[in-house]
Amino acid sequence: MAVIFARRVLCLFRGTAMNYWLTQLFNGFSYGALIFLLAMGLSLIFGVMQVINVTHGTYFLVGTYIGLSILTWTGNFYLAILGGGLVIALVGIFIERFFLRRLRGNDLGQVLITFGFVLLLQDAILLIWGPDPKLMGEPKSISFTAHIGSFTFPSYRLFVIVVAAAVAAGLWLFENKTKFGSAVRAAVDDVEMASGMGVNVPLVFTVVFGLGSFLAGLGGVLSGPWLGLQYGLDLEILPYAFVVVIVGGMGSLKGAILASLLVGLVDNFGKGFFPDLAYFTLFLPMAVILAVRPQGLFGRTL
Amino acid sequence: MDDRGLMLQVDDIHTYYGESYVLQGISLGVPSGTVMAVLGRNGMGKTTLIRSIIGFTKPRAGRIIFEGRDITPLRSHQIVSLGIALVPQGRRIFPSLTVRENLTLGEKPPGANGRGEAWNLDLVLDLFPRLKERLSNTGNKLSGGEQQMLAFARALMTNPRLLLLDEPTEGLAPLLVRALGDILLKLKERKLSILLVEQNLKFALQFSNHVHILNRGRVVHSSSPEALDKNHEVKARFLGV
């Protein structure tokens, strides 16, 4: 085992090693950007509402399927991204408004009902789109291979990075420069006192849940041409989102960005070096950070 | 307002924390434009009374009437929007909001029943000049005294007609207590109705028009501040002084 690993590492430093490292770095970084889109909504919902939304990964996957359908009907990829996000936002708002709101303060009840919706939505996928894996094409305008010197990379992944950066910037502006954003932060600080200052907390919760769901749906559509569409993918990807939330700190934008990139890179290099230990390399940093900083990198003490 | 000129009327409320029976039938009124003090030792239900009025902990029985309207079933943010503001025990400043954001979070114009000049950021900062230098600091960077000023200032920004003060002098240095007293006098001059919950007997006697004493969830004494000051038996029995 050790010998195989040593030989593998040695190989990397010969010949075209530089390009290998750059490519891996880029892949890890872009995968991190995709994970950020998945995890940020979960973190927001977790941080503001203390809801452990197990359905989040399924929102992501259903978003992908909806994006595929919109793409098939309209042929417009950008419309698919937006539509997938909006439909999932409506699904999320419906579930929050009529189910989660009744279970406020009941953690176990909330986990159970969000898990119930995983099963319901998975069945909906089987019913509407069928059990066979599907492929989704990249839009032609961004489907090419870019070159910088001898380094080549698929431009679609660059597009995902750009979208994730735009989302992060938009969220930062929303949180810090709008009145509604300060109400959201006040609710994270002290939900009771926020209502005592006149903040309509149920409305804040609904909007935050809708926004988090929107991000999941949008990220889902973007993942389509990259990860493909497959029944069960939602529960495969959900642990990544939870690792990001735990490592970065609940509700922290800065934490989610850094943790997503960390998870993307660790996962990418981990799979490269230790393909048999993929989950181990993913969960090791989480375990270490949990032991040293239980509130996450940028979370506050609970 | 009802025919007796009451801004707030608490009518036989019974409030529980889980199984613990805290307020066992409390009735009291705050006449418009007066400062009503509620005294009592720790754990006698003073904070629970405030929490019941603002809607944090709903009474299981009884009614709370504000300006003639039953607010008992309303949510806190609706109660606040009607014109009640809270300066809570422990200040509860939002640590991740700047001083400016803390101030503007609940900012609203006075309602139809408002009188006098409306509070706005400039006027509130004139009243608390210390906060002016701190506008872009976050709430967790303030001293205890500054936090208390901010708690007052952000409550005024909602242009309330009734102010609920929950132990505002707690943990403040004597100099700051005096400064707080000056501000209370200014608010009194503007005919703001105030419900003041205090442990500090001297402070409460100095600024109130009327006092109630709570003991084990019931009102056991009600009089003018002067009458209470002379009643050594009641003071010794219920306040331990």
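Modeller: Residues are numbered from 1 along each chain as its sequence is written, and chains are lettered from A and ligands numbered from 1 in the order in which they are written. This is a predicted model, in which local features need pLDDT of at least 70, side-chain atom pairs count only at pLDDT 80 or more, and totals for chains, interfaces and linings use all residues.

Colleague: How do you know which helices and strands chain A has?

Modeller: Helices (H or I, at least four residues) and strands (E, at least two) are DSSP runs, numbered from the N terminus. Chain A has 12 helices and two strands, and their order along the sequence is α-α-α-α-α-β-β-α-α-α-α-α-α-α.

Colleague: Why is chain A called as compact as a globular protein of that length?

Modeller: The radius of gyration is taken over C-alpha atoms, and the globule rule is 2.2 Å times the number of residues to the power 0.38. For 302 residues the rule gives 19 Å, and chain A has 20 Å, which is close to that value; therefore chain A is as compact as a globular protein of that length. Along the principal axes, its C-alpha atoms fill a box of roughly 65 × 50 × 35 Å.

Colleague: Why is B:D122 called exposed?

Modeller: A residue is buried if 20 or more other C-beta atoms lie within 10 Å of its own, exposed if 12 or fewer, and partly exposed in between, with C-beta atoms placed from the backbone. B:D122 has 9 C-beta neighbours inside 10 Å, so this residue counts as exposed. B:D122 belongs to helix α4 (residues 121–127) of chain B. By the burial criterion, 45% of the 302 residues of chain A are buried.

Colleague: What makes β6 and β10 of chain B edge strands?

Modeller: Two strands pair if DSSP finds at least two bridges between them. The open sheet has six strands in the order β6-β7-β8-β3-β9-β10 (chain B), with mixed pairing. Strands β6 (84–87) and β10 (218–223) of chain B each pair on one side only, and they are the edge strands.

Colleague: How do you know in which sense β9(B) pairs with β3 of chain B, and with β10(B)?

Modeller: Strands β3 (residues 35–39) and β9 (residues 210–215) of chain B pair in the parallel sense over four bridges. Here B:A37 has B:V211 as its bridge partner, and B:V38 has B:H212. In contrast, β9(B) and β10(B) pair in the antiparallel sense over five bridges, with B:I213 bridged to B:H221. These two strands form a hairpin with two residues between them, and B:R216 in the turn has a positive phi of about 45°.

Colleague: What makes the helices α11(A) and α12(A) a packed pair, and at what angle?

Modeller: Two packed helices are described by the angle between their axes and the distance between the axes. Axes are lines fitted to C-alpha atoms, for helices over the stretch in contact, and angles run from 0 to 180 degrees between N-to-C directions. Helix α11 (residues 253–273) and helix α12 (residues 278–292) of chain A pack at about 150°, with axes 9 Å apart. Two residues are in contact if their C-beta atoms, placed from the backbone, lie within 7 Å. Residues of α11(A) including A:L262 and A:V266 meet residues of α12(A), among them A:L282 and A:P285.
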